[in-house]
Each structure stands twice: as structure tokens, then as C-alpha cells.
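Please read the points below with the model open beside them. They are meant as a colleague's working notes.

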Amino acid sequence: MKYYEDHRKLFGTAIALFLGLTYFVAIAPALRNEAINEPLPGSEPLSSDEQAGKELYIANGCVACHTQQVRDIPMDASWGSRPSIAADYARSQRTDLWRNTATLMGTERTGPDLTDVGTRQPSVDWHLLHLYNPRAVVPESVMPAYPWMFQNTDMPAEGQKVVPVPDSYRRGSGKIVATEEALQLVAYLLSLKQVPLPDGSLTEAFAPEPTPLPASSASDGEASSTPQFDGARSYQKHCQACHQPTGKGLAGAFPPLAGSPIVLEEDPSKIVSIVMNGYDGRVSEGYAVMPPIGTTNNISPEELQAIVNYIRSSWGNDAPAAEIDQIRTALAE
Amino acid sequence: MHFNLLISVLASLWTEPGIWITVALLSLAILAAVAIAYSQARPRNRTEFERSSDSPRSAPTGGLIGNVDQSGKIHYLPSKKVGLPRPKIEPQLGRLVAWHIIAATAWLLFGTTVGEYLGVKFVAPDIDQVSWLSFGRLRPVHTNAVFWGWSSLAMLGLGYYVTSVVSNAKLHSFRFAWITFALVNLAVAIGSIALMAGINNGGGEYREYTWPVMALFAAGIVLALINFIATIAKRSTADIYISNWYMVAALMFLVTIVLVAYLPFWQQGLGETIVQGYYMHQGVGMWFMMFLLGLTYYFLPQQLNTPIFSYSLGILAFWTQIIFYTLIGTHHFVFSSIPWWLQTVAIFGSVGMIIPVAAGSANFLLTFRGSFHKVGGSYTLPFFLVGIVFYFTGSFQGTAEAFRTTNEIWHFTDFTVAHSHLTMYGIIAFFLWAGIYSIGPRIHGQEPPQATVGAHFWMALIGLFFYAVPLMIGGTERGLAWKSDSAFIESVTLMAPYWLWRAIGGTLMWLSHFVFAYNVYRMLIANKTSPASRDLQLNK
């Protein structure tokens with residue numbers, strides 16, 4: 001065939017076809033999405049520290065294991081209160097002339113998704129300890145440790161953040177203090193929060209299951225009209241990262257719940273207040289400030305009751321179960 | 001309660017079409033491995049015994065022992081057939097190809113040593129705490145070194161040879177070829193150091209080198225493209241052999257995707273993600289796969305000493321590969337916030353890939369028709385056969401992964417890591433080794449030792465199975481655990497045994513590369529008047 005004997009025509013056709021399709025699936029949709037998407041009204045640009053933290057996140061390749069996208073499927077509902085939308089990424093612009101835009105959506109979820117980690121885990125102290133060595137707070141973690149973002153010093157200067165590392169994870173002598181880099185990286189992580197949609201709602205229904213598995217429909221049948229919460233599971237989700245599966249906390253960082261007088265108090269109003277509003281009453285003993293986990297994570301009275309009763313009855317604790325009315329009363333205060 | 005849920009989810013595994021497609025595909029690959037093992041172990045037919053006993057090594061050389069006549073005796077470990085006696089490659093081209101193979105091998109050793117270390121880090125995360133060696137920085141060093149260093153250099157080296165042979169013309173410019181060689185090596189060296197130092201492009205997979213680094217690489221590829229086209233332009237055949245279609249297309253497409261992905265003045269917001277999906281998948285499909293298909297259309301018939309089964313099937317596969325493959329990039333972002341229609345187009349394209357993959361693999365397998373008995377007596381053909389089987393199974397697995405139902409479970413898990421190794425290693429690396437073992441002995445007339453080629457083959461193949469199968473099982477379990485809403489950390493602990501198996505399989509693969517490097521040394525570097533080479537001279 002003559003056509004296939006002319007290399008200009010043959011290769012010309014191949015590249016023309018490829019360029020046409022490239023325009024259709026890559027160039028045109030990319031340009032259009034650049035043009036039509038704007039940041040949500042409630043979103044804020046990163047501060048200079050947060051931006052520096054984002055650059056550390058990029059430099060250390062965190063995207064290799066952490067996604068930043070809540071997909072529109074029920075499986076991803078644990079990573080955010082709504083699916084990610086295009087506008088969520090509109091603030092990501094080219095880093096500079098040399099480096100591309102970093103939406104950091106990622107393609108591997110070896111570690112948790114971080115779209116909303118600032119809401120889920122707002123404690124600076126926890127993040128610092130976790131960065132120094134993740135296994136100090138989550139023994140099963142396979143995340144790398146980042147000790148080069150910390151320094152050892154005998155005399156921490158005024159305002160330096162001392163990280164209470166348990167002895168078995170400590171390297172070098174003296175106190176371990178966070179460098180500016182570690183604080184910037186944590187600032188960036190805490191800035192990762194989903195922004196409410198413009199109509200004021202934070203939540204938007206996730207798309208239904210593409211293929212409901214028999215197992216999940218069976219469990220739906222068991223569920224009654226009011227949501228049932230498994231206290232152990234909610235504890236694992238919201239509390240365990242700091243207070244540990246043993247309820248013993250971490251010496252010098254997070255106080256134990258096992259045997260804690262506040263937990264064991266017959267009236268649950270104090271513990272309810274701490275979960276919802278945070279607590280700094282034990283900072284003088286060297287413990288970190290407790291963030292208002294219940295409020296930031298929108299914990300319902302029923303889930304709160306499940307958590308409170310779980311910690312009041314585990315690890316040798318034997319306080320009486322709190323009734324839902326007691327919880328509601330405490331919340332009203 | 002959640003444990004029960006997990007059990008019932010696991011029990012419903014078999015109702016997932018993707019799962020049984022994958023199991024079927026995998027059993028194909030395992031069956032092929034068993035078949036190759038059988039053909040290698042089987043006593044060979046008589047003519048080949050005669051051939052091996054003709055070897056001058058067993059010829060009488062004097063003395064009592066030397067006078068024992070070995071001809072006619074059965075050899076329990078028969079020697080493999082050496083390359084058909086053909087003229088040596090002209091020294092100028094031979095030197096160019098040899099250096100490409102040697103440099104590619106060096107990058108393979110470097111890149112997979114890094115990969116091996118990364119695999120170990122899943123088992124022992126505190127093995128070091130050095131910033132330059134931390135997981136997030138090293139992972140792209142591994143992927144980019146084996147992509148742009150090992151695979152690309154080996155492809156170019158073999159490609160220079162193939163394009164000039166099938167054009168029946170001298171390579172247009174050796175100067176250009178050497179400049180390309182230097183630029184590509186320079187890009188990978190600088191890129192690797194920059195990544196370890198924490199300088200990268202912002203997170204897109206295989207796009208971690210910054211544009212100034214990738215510009216070196218792209219400049220090299222542009223020179224290679226000119227070199228290939230100019231060689232083809234002065235061909236002394238009327239036809240353009242199909243190998244040249246695939247290789248020139250691959251070079252043109254690589255230049256295109258690098259330009260689209262790296263021009264430093266666009267891709268704000270979601271535009272970056274759309275281009276990323278396009279870039280990462282065109283990189284593997286339109287550069288590595290396309291070029292390798294071109295090489296295989298030359299080397300496979302040459303090694304079988306038979307024409308390709310159907311030239312037309314090759315043409316069909318060429319055009320359908322361009323039409324469908326170009327569309328599939330965004331299947332890496334299914335359910336994300338990129339436009340739904342674009343995701344659907346990608347899934348459509350992934351299904352369409354059945355056409356070129358079936359056409360290509362059927363074409364290769366049918367070229368084997370009537371020659372399967374040759375597999376047992378050859379040390380290059382098993383590599384081709386593995387490459388073809390993984391081309392078929394690995395590519396279909398990619399289609400199976402692209403559907404929304406399967407993507408939901410497998411995406412984000414180690415299943416995709418298994419898939420990328422089944423393809424980039426099972427297809428690309430095995431085809432490259434097949435090509436290198438085909439051409440290597442003809443450069444200085446030195447055959448690699450048969451035993452170490454066999455060791456390389458079996459360690460790489462068994463290692464790949466040990467690497468990929470546990471990751472696929474673990475990845476599936478992990479996806480189902482996420483779906484059953486169990487705690488995230490439980491999905492980490494459930495992976496621990498699979499990560500250990502991956503490290504074991506990876507170690508086998510990694511060690512096989514040192515055996516391969518020794519074979520390259522014996523073919524291309526060792527004393528050029530070694531006994532092996534004298535044998536070959538005598539054979540002629």
C-alpha cells in the first residue's frame with residue numbers, strides 16, 4: 001500500500017490522531033476546569049507557615065502514602081463530611097516557576113486520607129510526637145519517623161515546643177524540641193479541613209453504593225430507627241490515637257483514662273464538657289491541651305453516650321452507665 | 001460484629017467479577033510458567049542432542065581422557081542453542097548498543113536496590129531515620145530510575161539496532177545517539193539526587209523530576225526521534241517495517257506527553273490532576289509498551305526464525321492502541337472530583353484496550369505456532385513467552401481494575417502496586433531481557449553462561465509471583481475492610497504478612513538482577529577472546 005510506504009504520511013497520521021485525542025481528554029478539560037472553578041467562599045488561603053508546611057509535605061513525598069480526596073462513595077465517608085469537589089482544589093496554583101501545582105490528591109492510601117485531618121486530629125502535641133516517631137502513638141504504624149525536624153537540647157529556650165517522647169523512642173540526650181520545620185508541617189496538617197458548602201451545610205449525601213454487598217444489607221436490617229453506636233469503635237475513631245487502646249495514655253503527653261477520677265465521677269457532666277469543649281486543666285502536670293474533639297467532629301449525643309459509657313466501663317473502670325438524658329442535660333449546660 | 005462483617009464480605013468475594021477475572025488471568029500466567037518449566041526440563045529431541053554434541057568443547061584434544069568420544073551419548077543437562085550464526089554487528093553500532101545495555105543494567109541495579117530497600121521499610125519502618133532515605137523521597141527515586149534509566153535506555157539501545165536493520169540502512173547519526181545517551185543518563189542521575197534532597201515537582205506519579213531535569217531527558221528523546229526518522233527516510237526497502245511504526249510513534253508520543261505535562265505555565269487546580277492522569281498512563285502505555293511492541297515485532301520472529309503471523313493484526317493493534325489508550329488516563333481518578341464524563345470516557349477506553357491487547361498477544365502467540373518445541377532449547381524464547389503472557393494477562397487486569405465496582409475496592413491499595421509490577425516488570429523487563437539476550441552475544445560473539453541465564457529467568461519470574469500475588473490478595477482484603485468500615489489501622493495490620501511476602505519476592509527479583517548483570521558482563525565486557533567466544537567462532 002502506497003500510504004504505508006510514505007513515512008511522512010504514516011507518522012503524520014499517527015501523531016495527528018494522538019494530538020487530537022490528547023486535546024480532547026487532557027488539554028481541553030484541564031483548561032476548562034482551570035477556568036470554571038473558584039475557591040469556596042468559606043475557604044482561606046494558606047498562611048505563610050502553612051504554605052511552608054505544605055512545601056515540606058511535598059519535599060518529603062508524603063503524597064506517596066496519603067491521599068487528599070474524599071471520593072463520592074460511602075467507603076470514604078470516614079475521611080470527611082462530604083465528597084471532595086473541584087472547588088476544593090481551586091486554591092492550588094503552581095508552586096513556582098520550577099515546580100508544578102500540587103493538588104496532592106494522591107493515588108495510594110497506605111496511610112489515612114488527610115483531606116480533613118485538621119478536624120479529625122487537632123492536637124499539635126499529638127502531631128509533633130507522631131512526626132518524631134509515629135510508633136510512639138500508634139504502635140502498628142509503618143510511617144517513617146521524621147527526627148530530623150527535631151532537636152535535642154538541655155535547655156529549651158523560651159517558647160520552644162518540648163515534645164514529650166516516651167523513653168523507648170527517644171534518640172539522643174536532653175529534651176527534644178520541635179524545629180520550625182516541624183511546627184510548619186503541623187500547621188499545614190491542621191489547616192487541612194473541609195470547608196462548608198456555600199448554602200451553609202457541611203454535609204452532602206454520598207452517592208449510593210454502586211454494588212451493595214449482601215453483608216451490608218444484612219446489617220441494615222438489624223439497625224433500628226435511631227442510630228446505634230458501638231462505644232469501642234467510636235473510642236477507636238476519636239480518642240484512641242492519644243489515650244491509647246489500653247486507656248493508659250502516654251506518660252507526659254496524654255493522661256490515662258483508666259482510673260481517672262474525672263472519668264469515674266458519677267455525674268458525667270464534666271467528662272461530657274471535656275470531650276465537647278476541650279480541657280487544659282492538667283497542663284501544669286505536663287499533659288497536652290485536649291482539643292474540643294466532640295465539637296469539631298460533630299459528635300451526636302448518642303455517640304457521645306456510647307463513648308462515655310465505654311470509657312467508664314473499660315480497663316477496670318466501673319462507673320455507672322450514663323443515661324441519654326444525663327448526656328443531654330450536660331450538653332445543655 | 002465487624003469481624004463477622006469482614007468474614008461475610010470475604011465470602012462474597014467470588015461474586016465480584018473483577019476478582020474472578022483476576023484469578024483467571026493469574027492462573028494463565030502460572031500455567032504458562034509451569035509449561036515453560038516443563039519444556040525446559042523435558043529431554044530434548046534428537047536433532048538437538050546431535051547439535052550439542054557437535055560442540056567443539058567435547059571434541060578430542062589429545063590425551064587419554066580427551067580421546068573419549070562423547071558424540072552419540074545422552075547429555076542429561078543439554079546445552080541451549082546459541083544464536084544462529086549471523087554476521088557480527090558492525091563495531092560502531094555494537095559499541096552504541098553495548099553501552100546502552102550496560103548503562104541500563106547499572107540503573108536497573110540502582111533502581112531495584114532502592115525498590116528492595118523500600119519493600120524492607122514496610123516490614124521495618126525504623127531501619128533508618130535519615131531524611132535522604134525516607135520512604136516518601138526514595139519511592140520516586142525507585143520508580144523514575146527503573147522507568148527513565150533502566151527501561152528507556154535499554155529500549156533506545158535495542159531500538160537503534162532494530163531500526164537500522166529493518167530499514168536496511170545505517171543509523172543516521174551516531175553523534176546524536178551518543179548525545180541522547182549522555183542526556184538521558186544525566187537526567188536520571190540529577191533527578192535521583194534532587195528527589196533525595198527533597199526537590200520535586202509536586203507529587204504527580206512519574207512526574208516527580210522537575211522540568212529542568214526532564215528537559216534534559218526530553219531533549220535526548222527529540223534527538224533520538226530525529227535519528228530514527230532520518231534512518232527510516234533513507235531506508236532501502238519500500239515498506240516501513242511495523243517495528244518502526246511502533247518505535248517512532250512511541251518517541252513522538254513521549255515528546256508530546258512530556259511537553260503537555262511539563263510546560264510550566266498552566267495546570268492550576270484540578271487541571272493538574274486531569275493532566276496527571278493523562279501523563280502517567282500515556283507514559284507507560286505510549287512510551288514503554290508501544291516501543292516494546294515494536295522491538296518484539298522484530299526480535300520474536302527473528303528468534304523463532306519465522307515470519308510474524310499476521311502483519312495486518314499488527315496494524316490493527318497499532319491504530320486501536322492509539323485510539324483507546326489515549327483515553328484511559330483518568331481511570332486513576334475514578335470517583336474523584338474530576339468531571340464524571342471524563343471518568344466514563346476513561347473506563348470506555350480501558351474496555352476498548354481489549355482489542356489491541358488481544359490482537360497483539362494473539363499475533364505473538366500465533367507466531368510461536370509450530371515452534372513451541374523451540375522454547376525448551378532456547379534461553380531467549382522463555383523471556384518472550386513470559387512477556388507475551390503478561391502482556392495479555394496484565395493488560396486485561398488493567399481493564400478489570402478500571403470498572404467503577406472494582407476500582408472502588410482496589411484503588412488506593414497495594415493491588416495497583418502489584419499491577420504495575422506485573423506490567424512494567426512482567427511485560428517490559430522480560431521483553432527487554434529477551435531482546436538483550438538476543439542481541440548481546442552478537443556484539444562481541446560472547447554467549448552468557450547458560451546456567452546463569454536460567455538462574456536469572458527463574459529467580460525473576462518466581463520472585464514476581466511472590467511479589468504480586470500476596471499484594472493482590474492483601475490489596476483486595478484491604479479494600480473490602482475499608483468497605484466494611486473497619487478501623488483504618490486494622491487495614492494496616494492485616495497487610496503485614498503480605499508486605500513480608502512482597503519483600504521476600506522482591507528480594508528474589510532483586511538478586512536476579514545481579515545474575516543478569518553478570519551475564520551482561522560476560523556478553524559485553526569480559527575478555528573478548530574467552531573460550532566461549534572461541535567456541536562461537538568455531539561454530540561458524
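1. Conventions. This is a predicted model, in which local features need pLDDT of at least 70 and side-chain atom pairs count only at pLDDT 80 or more, while totals for chains, interfaces and linings use all residues. Residues are numbered from 1 along each chain as its sequence is written, chains are lettered from A and ligands numbered from 1 in the order in which they are written, and side-chain values use heavy atoms, with hydrogens and water left out.

2. Chain B. The secondary structure of chain B consists of 20 helices and 0 strands (DSSP runs, H or I of at least four residues for helices and E of at least two for strands, numbered from the N terminus). Of its 540 residues, 65% are buried, that is, under 20% relative accessible area with a 1.4 Å probe and protein chains only, where exposed is over 50% and partly exposed is in between.

3. Extent of the interface. In chain B, 100 residues are in contact with 82 residues of chain A, contact being heavy atoms within 4.5 Å. The area buried between the two chains is about 8,000 Å², with 66% given by carbon and sulfur atoms; buried area is the accessible area (1.4 Å probe) that two parts lose on being put together, summed over both.

4. Charges across the interface. The rule finds 2 salt bridges between chain B and chain A (a side-chain nitrogen of Lys or Arg within 4 Å of a carboxyl oxygen of Asp or Glu). The side chains of B:Asp485 and A:Arg233 form a salt bridge at 3.6 Å, N to O.

5. A:Asp116. This residue lies in the loop between α2 (48–59) and α3 (117–120) of chain A. A:Asp116 is buried without a salt bridge, and the nearest side chain of opposite charge, that of A:Arg120, is 6.0 Å away (Lys and Arg count as positive, Asp and Glu as negative, with His and the chain ends not counted). Leaving aside neighbours within four places in sequence, A:Asp116 is in contact with residues including A:Trp79 and A:Leu192.

6. A:Pro292. The loop between α10 (269–277) and α11 (293–296) of chain A holds A:Pro292, which is partly exposed at a relative accessible area of 32%. A:Pro292 and A:Gly278 are 14 residues apart in sequence, yet 3.9 Å apart in space, C-alpha to C-alpha.
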